[in-house]
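Visitor: I would like a close look at a single part of this model. Please start there and then widen the view.

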Amino acid sequence: MAKKKLSLFEDIAHIASKLPWQVSLILAGVAYFGFHHFAAMPPTPFQTGAGHIGAVVTGGLIRTVGSVMQYLAPLALALGALVSVFNRRKQSELHDRVAATPHRGALEKISWSEFEGLTAEVFRRKGFQVIERGGAGPDGGVDVELRMGADKYLVQCKQWKSLKVGVATVRELYGVMAAEGAVGGFVVASGDFTSDARSFAEGRAIKLVHTAELLKMVAETRKKVTSGLTPAVKPNQAEAAATVMTHFCPKCGSRMVLRSSKKVGAAGNEFWGCSKFPGCRGILKTD
């Protein structure tokens with residue numbers, strides 16, 4: 001079935017709904033003042049000549065677009081922010097339902113989109129900034145983007161109830177991580193992983209989260225909220241990033257980050273570098 005073509009307004013609102021609602025509201029303000037600036041531009045004085053006529057036409061077009069978009073774009077972004085708030089509330093309620101019955105059956109009863117939402121909520125409660133990038137189907141590639149300071153992490157969700165997630169999925173994520181400059185990644189499954197997938201993930205800053213691990217994360221994040229640590233009080237970066245990084249600097253003991261060499265003759269080669277760089281220059285070779 002062909003995907004329904006969306007209008008510009010719907011496209012903007014859809015993108016905004018995937019962002020944190022605070023970001024969408026800030027963008028709404030920026031959009032209004034930005035387009036209002038173009039809408040308020042003074043008309044270009046008319047003069048004869050092809051170049052001057054073109055400038056008059058271009059100026060008129062810019063003012064027209066600005067006049068429309070100064071209202072349309074902020075409205076779409078604000079609507080997207082409302083949808084984002086609604087989706088976050090649904091994800092929070094789903095998280096609490098699964099936490100109340102933490103077993104595999106609870107995961108198998110939810111849809112693939114709810115599974116992605118649950119995963120997003122778990123990482124949100126762990127202190128990450130979450131951007132949902134889910135595709136139009138159960139296998140939309142990277143489903144969630146995580147931010148922790150300047151560090152970027154990618155998450156792929158697989159709600160496979162009968163098959164184990166294979167090495168091809170992990171390789172795919174690793175390729176996207178390299179292309180986008182992500183320092184780590186997660187593959188979250190409602191099942192398990194093949195031995196090849198586990199072997200490939202070792203030493204590559206990719207954490208494979210199977211059913212038991214995911215339910216454990218749900219339980220841990222529920223405890224933090226019920227004990228008074230709300231999602232607004234975020235854990236520090238080291239605690240959140242520790243779920244991916246298991247390598248530690250041999251010089252200072254800080255966590256290691258997967259980096260790519262820029263030296264001539266070794267460009268593209270990967271190594272583990274200390275997160276305290278340039279204060280500490282400890283490195284480890286990848287496996």
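Visitor: Why does Trp21 count as partly exposed?

Guide: Trp21 counts as partly exposed because its relative accessibility is 32%; that class lies between buried (under 20%) and exposed (over 50%), with a 1.4 Å probe and protein chains only. The model is predicted: local features need pLDDT of at least 70, side-chain atom pairs need 80 or more, and totals for chains, interfaces and linings use all residues. Numbering runs from 1 along each chain as its sequence is written, and side-chain values use heavy atoms, without hydrogens or water.

Trp21 sits in helix H2, residues 21–39 (a DSSP run of H or I, at least four residues; strands are E, at least two; both are numbered from the N terminus). With Leu25 and Val85, Trp21 forms a nonpolar surface patch of about 240 Å² accessible area together. Areas are Shrake-Rupley values.

Now the whole chain. It has nine helices and eight strands. Of its 287 residues, 41% are buried. The accessible surface is about 15,600 Å², with 61% belonging to carbon and sulfur atoms.

Take Val98: beyond four places in sequence, Val98 touches Ala106, Leu107, Leu118, Leu215 and Val218 (contact means heavy atoms within 4.5 Å).

Note on methods: Patch = residues over 30% accessible without salt bridge, like charges linked within 9 Å, V, L, I, M, F, W, Y side chains within 5 Å. Areas by Shrake-Rupley, 256 points an atom, 1.4 Å probe, with all protein chains shown as cover. Salt bridge = Lys/Arg side-chain N within 4 Å of Asp/Glu carboxyl O.
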